[in-house]
Amino acid sequence: MNQHAPITDDLKSKGIEINGDFAPGYETILTGEALEFVADLHRRFDGARQRLLAARQTRQASLDGGEDLDFRADTAEIRKADWKVRPAPQDLQDRRVEITGPVDRKMVINALNSGARCFMADFEDASSPTWANMVEGQINLRDANARQIDFTDETNGKSYSLNDRIATLIVRPRGWHLPEAHLKVDGAPVSGGLFDFGLYLFHNHQALKANGTGPYYYLPKLESMEEARLWALVIGHAEKALGLETGTVRVTVLIETITAAFELDEILYVLRDWIVGLNCGRWDYIFSYIKRFKARADKVLPDRAMVTMTAPFMRAYSLRVIEVCHRRGAHAMGGMSAFIPVKNDEAANARAFEQVKADKEREAEDGHDGTWVAHPALVAAAEEAFDARMPGPNQLDKLNGYETSAAELTRPAPGAVTEDGARGNIDVAIRYLSAWLSGRGAAPIHNLMEDAATAEISRAQLWQWRVHKVWLEDGRVIDTPLLEDWFASVLSDLREELGEETYASARIEEAAAIFKDLVFSDTFEEFLTLPAYPRLD
């Protein structure tokens, strides 16, 4: 039976408080020493984190006032200077296919066994941040690094364990914006990112070294070089506190915000002792584009399905990541194709594999050093695309000479806004939030793998279309009454499809209420997960 955490009087006297349940095994992760390590990170760096989050809003106000994004004048020397990042460790030299997914036990085993070169274990967009998910995820990763992980599926009796050869493990902690409300230090919730980063490093650095690898991370949703510098300060301090050499921790930064795309050199530079690459986090990037240009009627995007990696502003972003990374000796990782295998429909399954293949062939030909997939069955197809175009471990020597302008990076994709696109956004977001509230952060919906980023696109598009009264192809204007009708219609369809019992147990009405509040709000909430977080069990 779960019980509240047995925090000692000594820890209480040090300002550390846990208000989450304490299940068997949690005591091996939430040790006094580990909690004091996280508390130290909080006390040293949370003030800077809060200031950087406030700076995001200051910058948003400037963009809302009509400011255009451009490359920074104050960092021109960094862009002009000749420098490179520290070379990647051996097990991160070849990253041609990486698989991503949440940190539940079965997923960790299957992903590590998938044949992919790396597995990004995701505490962020692919995980619902319930207390159980976050702590048990740490247990699962620790057990995987100790080669002591197994799992038996109670529904079918099937057992899972690690193969002899497994993927290199990379961990994505939560972004700077997300709190971990169940751990408080001096009365304030700690950063979810510092919680995830600190516990993983504290408990795993020794086992990782013994395995010939290291503590590797993906850092999400950075908006600027200053936010990257904060991670550099955190990592440098953590290494010293644990007696580790500089560069023991290695990171890849997800370029998934439009502002970060203008500071690629700068982000690499401030993290140069630890960084090994940048990744094109395409779905969050689209969301960021809408969010940061939400006040601009000239930046409205069409249906999500039309905003592909071949859209001009997305292609400019991808090619720029490749050129800057290779010039600095860093890997340029491609993004996630959302397609997944389709059961019981051979034609649809074939189309999904063709979509994935085309996406990965384009990335390899452009010069990316690797890519992401969301399902083990897609690893071979992605690897085949890269094997045919990348005979070596990477393409760091491939410079495309690509130069882009601010206008190219911010020019919206062409295309129409349709009723099908709008209704699809409503449907997908409600289904996803239903899964998220139930503790599942990655959900297969209509043969695509959806996570928080794709739900954010759905929410942001509907808000943007309503605020700017966008015209549909058929001449109607998207406004509040029309959206209200579509919400009612989608909910009616879901009730009929799922049946009353499942409709209620899946918390569909609650998910819809959260989503409607966000879409119809006068102000734009920075992340949908922030108001939804207190509703998690």
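Predicted model: local features only at pLDDT ≥ 70, side-chain atom pairs only at ≥ 80, totals over all residues.
Helix α16 spans residues 480–498. Its 19 residues reach 27 Å from first C-alpha to last, close to the 27 Å expected at 1.5 Å a residue. The buried residues of α16 are Leu 482, Leu 483, Trp 486, Phe 487, Val 490, Leu 491 and Leu 494. They lie on the same side of α16, because they cover an arc of only 165° around the axis. An α-helix has 3.6 residues a turn, so residues three or four places apart point the same way. The cover over the buried residues of α16 includes α14, α15, α17 and α18. Exposed residues Pro 481, Asp 485 and Glu 496 sit on the face turned away from the buried side. Gly 499 follows α16 and has a positive phi, near 85°.

The whole structure holds 58 salt bridges. One of them joins the side chains of Asp 94 and Arg 117 at 2.9 Å, N to O. Asp 94 lies in the loop between α3 and β4, and Arg 117 in the loop between α4 and β5, so the pair ties together parts 23 residues apart in sequence. Asp 94 is buried, at 17% relative accessible area. Arg 117 is partly exposed, at 23%.

Arg 95 and Glu 98 also form a salt bridge, at 2.7 Å, N to O. Arg 95 is buried at 0% relative accessibility, and Glu 98 is buried at 1%. A network of salt bridges links Asp 122, Glu 124, Asp 125, Arg 172, Lys 221, Glu 256 and Asp 284.

Technical notes. Residues numbered from 1 in each chain as written. Heavy atoms only, no water. Helix = DSSP H or I, 4+ residues; strand = E, 2+ residues; numbered from the N terminus. Expected span 1.5 Å × (residues − 1). Buried < 20%, exposed > 50% of the residue type's maximum accessible area, 1.4 Å probe, protein only. Arc of directions from axis to C-beta. Contact = heavy atoms within 4.5 Å. Salt bridge = Lys/Arg side-chain N within 4 Å of Asp/Glu carboxyl O.
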